[in-house]
Amino acid sequence: MIVLTDTIAPHLTRPTPLRLHPASFGLWRVLDARGRIIGHLERVGDDTLERWRARRLNPLRREFQNLGDFWSPDDALECIRYA
């Protein structure tokens with residue numbers, strides 16, 4: 001089976017201590033400075049109306065919490081970082 005991944009990370013305009021690692025097509029794992037997974041960043045929509053969905057990992061419940069959709073990947077990452 002071949003799994004397609006979008007390996008080109010979104011273009012970020014602001015510095016962040018978070019790192020992105022491709023997980024699936026249009027989906028990146030968000031890693032903190034220690035390399036721990038803290039969330040997901042997902043590209044949603046089409047080429048004409050691109051949005052970014054932020055999900056934060058809740059380790060106590062062992063699930064991802066949807067934080068919302070954003071117009072830029074920078075805003076979505078900041079939401080993941082401070083949630």
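Predicted model: local features only at pLDDT ≥ 70, side-chain atom pairs only at ≥ 80, totals over all residues.
1. Let's start with His40, which is found in strand 3 (residues 37–45). Residues are numbered from 1 along each chain as its sequence is written, and side-chain values use heavy atoms, with hydrogens and water left out.

2. Is His40 buried or exposed? His40 has a relative accessible area of 13%, so the residue is buried. The cut-offs are under 20% for buried, over 50% for exposed and partly exposed in between, with a 1.4 Å probe and protein chains only. Not counting residues up to four places away in sequence, His40 touches Leu27, Trp28, Arg29, Val30, Arg53, Ala54, Arg55, Phe64 and Ile80. A contact means heavy atoms within 4.5 Å.

3. Five strands make an open sheet, ordered 1-2-3-4-5, with antiparallel pairing; two strands pair if DSSP finds at least two bridges between them. Strand 1 (19–24) and strand 5 are at the edges with a single partner strand each, so one side of each has no neighbour in the sheet. From one strand to the next, the twist averages 30 degrees. Strands 2 and 3 run antiparallel and are joined by five bridges, and Val30 sits opposite Gly39 of strand 3.

4. Helix 1 lies across strand 1, strand 2, strand 3, strand 4 and strand 5, and runs at about 10 degrees to strand 4. For these angles, axes are lines fitted to C-alpha atoms (for helices, over the stretch in contact), and values run from 0 to 180 degrees between N-to-C directions.

5. Which residues make up the largest nonpolar core? There are eleven: Leu18, Trp28, Val30, Ile38, Leu41, Trp52, Ala54, Phe70, Ala76, Leu77 and Ile80. Such a core is a set of buried Ala, Val, Leu, Ile, Met, Phe, Trp, Tyr and Cys residues joined through side-chain atoms within 4.5 Å. Strand 2, strand 3, strand 4 and helix 1 (73–82) each give two or more residues to this core, and helix 1 has the largest share, with three. Leaving aside neighbours within four places in sequence, Ile80 contacts Val30, Ile38, Gly39, His40, Ala54, Arg55, Arg56 and Leu67.

6. On to the rings: the structure has one aromatic pair. Trp28 and Trp52 have ring centres 6.0 Å apart and planes at 45 degrees, so this pair is tilted. Rings of Phe, Tyr and Trp (its six-membered ring) pair if their centres lie within 6.5 Å, and planes under 30 degrees apart are stacked, over 60 edge-to-face, the rest tilted. Trp28 is in strand 2 (residues 27–31) and Trp52 in strand 4 (residues 50–58), so the pair ties together parts 24 residues apart in sequence. Both Trp28 and Trp52 are buried.

7. Have a look at Arg62 too, in the loop between strand 4 and strand 5 (63–70). Its phi is near 60 degrees, a positive value in a residue other than glycine. Arg62 counts as exposed, at 75% relative accessibility. Pro59 is in the loop between strand 4 and strand 5 and counts as exposed at 60% relative accessibility.

Notes: Helix = DSSP H or I, 4+ residues; strand = E, 2+ residues; numbered from the N terminus.
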